[in-house]
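Work through the exercises below with the sequence and the 3D view open. Try each task before reading its solution.

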Amino acid sequence: LHELVQLAEIDIPSNWTLAGEHLVASPGGVGFGFQAEPDEGALGRIGELGVAIDEIESVRQAVHVWTASGEPHTDIGELTPESLRGHASGTSTPETCTVYQASGWIENHSIRDYAKVLRLGFAGIRREIEAQLEAADLTDPDFPRQENFWRAGLSICDAGILLGERYAERARELAWATTVPHERQRLEHMAATCSRVPAAGARTFFEATQSLWLAHVLTCGEDGINANSLGRLDQILHPYYQQDLDAGLLTREEAKAIMAELACKLYLDYDVQAITLGGVDGEGNEAVNDLSFVILEASGDVDFVRDLSLRVRRDSPKEFLEFAARLIARGGGIPFMFNDDCFIPSLTERGIRLEDARDYAPIGCIELTIPGKTNPRAVSGWFNSTKCLELALFDGVDPRSGEQLGPATGRLTEFTDFEAFRAAYDRQVEYFARRMVYHCNRGELAQRERGPLPCWSVLTDDCIGRGREITDGGARYDYHSVCFMGTPTTADAMCALRQLVFEEGVVDANRLLQALRVDFEGHAALRQQLRRQAPKYGNDSPAVDELARQLNDDFIDLMDRMRSPVGGRYHVHLFSFHLNIPFGKVVGATPDGRRAGEPLAYSLSAHQGRDEQGVTALIKSISRMPHERAAGASAAILELDPAVVEGEAGVCRLLQLICSAIELGIGQMQWNITTVERLLQAQQDPETYGNIPVRVAGYSQKFKLLNRELQDHIIARTKHRS
């Protein structure tokens, strides 16, 4: 990283007051649903390394496969056909049998201790590391490992100091060269600021913002930009803001301009560098402050997609929620909300100290962490509940490939009651969940040996004190977070089985299996019966909602029994990202009337198009899910027609919905304000109408930048008009 800072091209564009540009390229289109062209600059840089022109593309493809496969580290543990059953990158093809994906090797899904950089600077952190080295016992058996980490940490601190120095030097050069007075003043101020931060502690609001931004640039140079998030910005910067206001050194409007510029610095086409506002402090007191509103106002002023999260609760200030409602009503899905009343208890129940749990913040899309204290190993695994249901129907056999994928638990025709079928499903879930955990643990061990992250470690308690790098158990809290997907779809299917097959006997089990095998071809009437005669999640139907809750509860119970190599827990995300689309492709037709290959439901939202009783009914269904147990966070998107939130009455209506959802205990809310007609218009003429921002899957994006599959999925989701 120090060498990267030394070699980086230092550029200071006109008009900026904050110095600093990312040292690494922004994430490209692969894996994010973008329609992106290959990065010609990246291909050129491969050529600069001495690769022949005709070999550049093959090298690029090889690197992509290696990094995207999740299985580049084959010497940790033994990869057998048995351990790979159902794994997306296993010997069986993902097109036929994906039950789960697992990594364990995690990068950039983090929030580092930026407040520490502002307080001490990298020079102060360097002195902390030096003190550990001086006090260490040379004969301690663990000292060689500790020394290795501490010396890496010294290099990281030197890189942070150098980064500021290089921008200061370049700003001075440009200041001497210009004859424009205001331009010289801008550059001299930049040079003076970067001469101090991030090497030393910040003294002013502007220095604090500059220091935080350069620290972020440095950390992203280690493991990429993607979901490296900033955390609770209003809490980090508020002491400097208030101090400058009181001293007459800063006006509120000047602070807002600085926050708007920071938003522009952070902007990417695909942006999950999350900023969090609101919540409570370590004592449980309300933490919303004037800077919270300044940042909200700046976000509204720049008027482009930014990853902005709000922590809310039953007692949140009404004006804070109302301001958020006004921004949401404009469309684009920003900001989105996290309910302290749910997530603080979920974290404390899994060993997080209450004071620390009160400081939680989301990473990227929705993944929870304790800033500067945690290796959350976010989205370490992805688990397909609906595939397990399909295997339970067919005795563990994948009906499309004929492979005996899961354990033999019986066919639907062999079960005498629903409880027996449910037990078969549970066996499938545990069988594959245990394998997912194996691969997560294996990835953790591989990263410990081959993928250290010293910059993240230096900015995480208690790595320096322990002399242990973050992938080696140095953080105060270390856990894996895994995603449980498809429960609304799975619950719909189970409810249809319970009611129509086992309780009422109006659907023959053998006929149903035949229909599922042929994707309902020639069985249209049966499909409609399954779709219409059994209740569907999202319509305030306790029968199916409680079943969905049980599925989530049981998986959380199962993960609570699992442990990582350092004794860490397994937290659960009730979240799908947009993997509900590819994971849906590997599941055949299901007893809820879903056709083969169709997407699964997004996170805890209703299966697309099935929430027919209005948004209040949808909210009540979502509220029955175990948000208070989802320590990795839950997620749901609520879609509204713009007419619902139009004018002052509409904003008031939206505010009431938000407050009701908080009161009912919904953990996380994302709001989409758009119409099907508007999205179809954008799809048909993207150059003219495609700039409309929409909530996608834990992030927002311009509609025209999404691939056709994601566009169709968003169009299919119900846009509530009542």
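**Exercise 1.** In which loop is aspartate 417 found?

*Solution.* The model is predicted, so local features need pLDDT of at least 70 and side-chain atom pairs count only at pLDDT 80 or more, while totals for chains, interfaces and linings use all residues. Residues are numbered from 1 along each chain as its sequence is written, and side-chain values use heavy atoms, with hydrogens and water left out.

Step 1: Aspartate 417 lies in the loop between helix H15 (385-393) and helix H16 (418-450). Helices (H or I, at least four residues) and strands (E, at least two) are DSSP runs, numbered from the N terminus.

Step 2: Aspartate 417 has a relative accessible area of 32%. Buried means under 20% relative accessible area, exposed over 50%, and partly exposed in between (1.4 Å probe, protein chains only). Aspartate 417 is therefore partly exposed.

**Exercise 2.** State whether asparagine 15 and phenylalanine 520 are buried or exposed, and describe the phi of each.

*Solution.* Step 1: Asparagine 15 is in the loop between helix H1 (2-7) and helix H2 (40-48). Its relative accessibility is 67%, so asparagine 15 counts as exposed.

Step 1: Phenylalanine 520 is in the loop between helix H20 (509-517) and helix H21 (524-532). Its relative accessibility is 4%, so phenylalanine 520 counts as buried.

Step 2: Most residues other than glycine have a negative phi. Asparagine 15, not a glycine, has a positive phi of about 80 degrees. Phenylalanine 520 also has a positive phi, near 65 degrees.

**Exercise 3.** Locate the cis peptide bonds from valine 197 to proline 198 and from aspartate 461 to aspartate 462.

*Solution.* Step 1: Most peptide bonds are trans.

Step 1: The bond from valine 197 to proline 198 is cis, with omega near 10 degrees. Proline 198 sits in the loop between helix H7 (181-196) and helix H8 (205-223).

Step 2: The bond from aspartate 461 to aspartate 462 is cis, with omega near 5 degrees. Aspartate 462 sits in the loop between helix H17 (454-458) and helix H18 (463-466).
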